[in-house]
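Please read the following walk through the structure with the coordinates open.

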Amino acid sequence: MRIAVQVAELRFATEDGVLVFDGLSFGVPREGFVWVVGPPGSGKTLLLSIILREVPPASGQVLLLGRNLRRLSPGSFREIRRRVGFVPESPVVLEKRSVRENLEFKLRAMGLRGEQADEAKERALDLAQLRGLEEFRAEELDSLHRLRLALALALLPETGLLLCDDPLRALEPEEGKGLLATMEQINRAGVTILATASNAAMLEQAGFSRSSDPNHPRRLVFLRELVEE
Amino acid sequence: MRSFLFLTRDYLRANARQAGFLLAWVLSIVLVLTSGTALVVLPPDGGGTTQITERFLLLSLDPLVSEAEVARMGWEVGGWPGVLGVTFRFPGEQEPVPIESRTLVVEIQPGGAGDGVAARLAGMPGIRAITPMERSVTRLGMPSGARIGALVALILSLALALWLGFRISSRGRRLWSAEWAVLRQSGLSPLYLRGPSLVLAFLVGIVAAGIYVGLLLGLQSLGSEILIHHVPELLDLIPLALGVAFPVAVVISLLGGFLSPHS
């Protein structure tokens, strides 16, 4: 099975010498949907920052869509980065612009126009379940739909891998289920998802299970146990 | 390139909300250029209105003399002792007198120092006639504090221009902070995203220099008589000022833009 993200023997220490990761290893198969679960402060956000090459690890390897991050030139990394969507812990959307204008802004900023841009926009609207809300301004949306808009933005322009940092954190249980359904739909469309969460309960109810098989497509892994994996 | 133009246009549109500050930024740079010019042009000694005598030799040139030859001649004569300056005039120009044919205007020192120049010129080929002329010029009586005033204005306006640049760029970043964050999440580099704010600073510099040049040319065409009699140095300075205004204004505006925080 092809791997979308492979983290091997990752080691990271803070400036104060606190060892956050020491030999961390795990993988996410292509078209898989993996949750990394850990309590606040366990390094979930840091892990995603390392995968996005925003923070360098002390040692270890990260393979992103089959390419070793350490060996990628800035130009090659930019090419790969275009195919990786990211939803941070506090997602930002353009409050004063409509849902449609939000998506068009990102598409045009990434250099896409015309038919190709229209197709990408329609796909993002469908996958993020934002149909019927195209003309609503972002500031008029509730928390769930704002997160869906953040997901739609992250899907543009040609995302094959989606990284989400604790997207369920600020949602009510019902909203969380709604967002999870949206993420499932995105995953079914062929987008690999690596997300983090502080609590595994809702995810276990949704059918995600702990597995030691690195090729398991719907896997729930716990950050504290990853070092030993 | 197309995406950068789109981002720049979007950033400029967001900054339309601080149009008043942008106008103040432009005017502060115009003030820097104007006070800098005044500092150079105003006589250093100050004092009251004075009457001075200027002496010229007008060299009417042979039509067969090439432009390269005229330039070489001007360069050579300009280095002679007793010569203050040499300028070429086309027919129709008005300074220092109405010119009827291609003429080299040689300004010589008043008194005896310039007396030998006419004799040396008489032996040069390509000169049809040498016409000496003198004129009396009234120099504007500048109070001695005028230069100090210009210096103070220069320092204050420069400080104002840099502060406004910093403030506008910082506020511009706040007005565009959500867009900045969305684009950073998409992996675009901070350096690339800084581009639109630098384009805005560049445009401010260009507009400021344009206004300054317009003022200078307007002054030259509308008030040349007054300028000739009161601040003749300004006329000599205009070509230099036109050349220097754009780079100086752009450097000041970009400096203001660079001072703003990166994120």
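A:Arg53 is found in the loop between helix H1 (44–51) and strand E4 (59–64) of chain A; helices (H or I, at least four residues) and strands (E, at least two) are DSSP runs, numbered from the N terminus. This is a predicted model, in which local features need pLDDT of at least 70 and side-chain atom pairs count only at pLDDT 80 or more, while totals for chains, interfaces and linings use all residues. Residues are numbered from 1 along each chain as its sequence is written, chains are lettered from A and ligands numbered from 1 in the order in which they are written, and side-chain values use heavy atoms, with hydrogens and water left out.

The phi of A:Arg53 is positive, about 60°, although the residue is not a glycine. Most residues other than glycine have a negative phi, and most peptide bonds are trans. A:Arg53 counts as partly exposed, at 31% relative accessibility; buried means under 20% relative accessible area, exposed over 50%, and partly exposed in between (1.4 Å probe, protein chains only). A:Asp166, also not a glycine, has a positive phi of about 45°. A:Asp166 sits in the loop between E7 and helix H6 (173–188) of chain A and, at 5% relative accessibility, counts as buried. The peptide bond from A:Leu156 to A:Pro157 is cis, with omega near 0°. A:Pro157 belongs to the loop between helix H5 (143–154) and strand E7 (161–164) of chain A.

A:Lys121 is placed in helix H4 (residues 114–127) of chain A and counts as buried, at 8% relative accessibility.

Next come the rings. Over all chains, the structure holds seven aromatic pairs. Rings of Phe, Tyr and Trp (its six-membered ring) pair if their centres lie within 6.5 Å; planes under 30 degrees apart count as stacked, over 60 as edge-to-face and the rest as tilted. One of the pairs joins A:Trp35 and A:Phe208 edge-to-face, at 6.2 Å centre to centre and 85° between the planes. A:Trp35 lies in strand E3 (residues 33–37) of chain A and A:Phe208 in the loop between helix H7 (201–205) and strand E9 (209–210) of chain A, so the pair ties together parts that are 173 residues apart in sequence. A:Trp35 is buried, with a relative accessible area of 0%, and A:Phe208 counts as buried at 2%. Another pair is tilted, because the ring centres of A:Phe105 and B:Phe6 are 5.7 Å apart and their planes are at 55°. This pair crosses between chains: A:Phe105 is in helix H3 (residues 99–109) of chain A, and B:Phe6 is in helix H1 (residues 2–15) of chain B. Both A:Phe105 and B:Phe6 are buried. A:Phe33, A:Trp35 and A:Phe208 form one aromatic cluster.

Chain B has nine helices and four strands, which follow the pattern α-α-β-α-β-β-α-β-α-α-α-α-α along the sequence. Of its 263 residues, 43% count as buried. Among contacts in chain B between residues at least 6 apart in sequence, 82% join residues at least 24 apart.

In chain B, charges also sit over rings; the criterion is that NZ of Lys or CZ of Arg is within 6 Å of the ring centre and within 35 degrees of the ring normal. B:Arg120 lies over the face of B:Trp80, at 4.0 Å from the ring centre. The charged end of B:Arg173 is over the ring of B:Trp180, 4.7 Å from its centre.

Two packed helices are described by the angle between their axes and the distance between the axes. The axes of helix H5 (residues 145–175) and helix H6 (residues 177–185) of chain B come within 4 Å and cross at roughly 65°. Axes are lines fitted to C-alpha atoms, for helices over the stretch in contact, and angles run from 0 to 180 degrees between N-to-C directions. H5(B) is therefore roughly perpendicular to H6(B); angles under 35 degrees count as roughly parallel, over 145 as roughly antiparallel, 65 to 115 as roughly perpendicular and the rest as oblique. The contact is made by B:Arg173, B:Arg174 and B:Leu175 of H5(B) and B:Ser177, B:Glu179 and B:Trp180 of H6(B).

Note on methods. Contact means heavy atoms within 4.5 Å.
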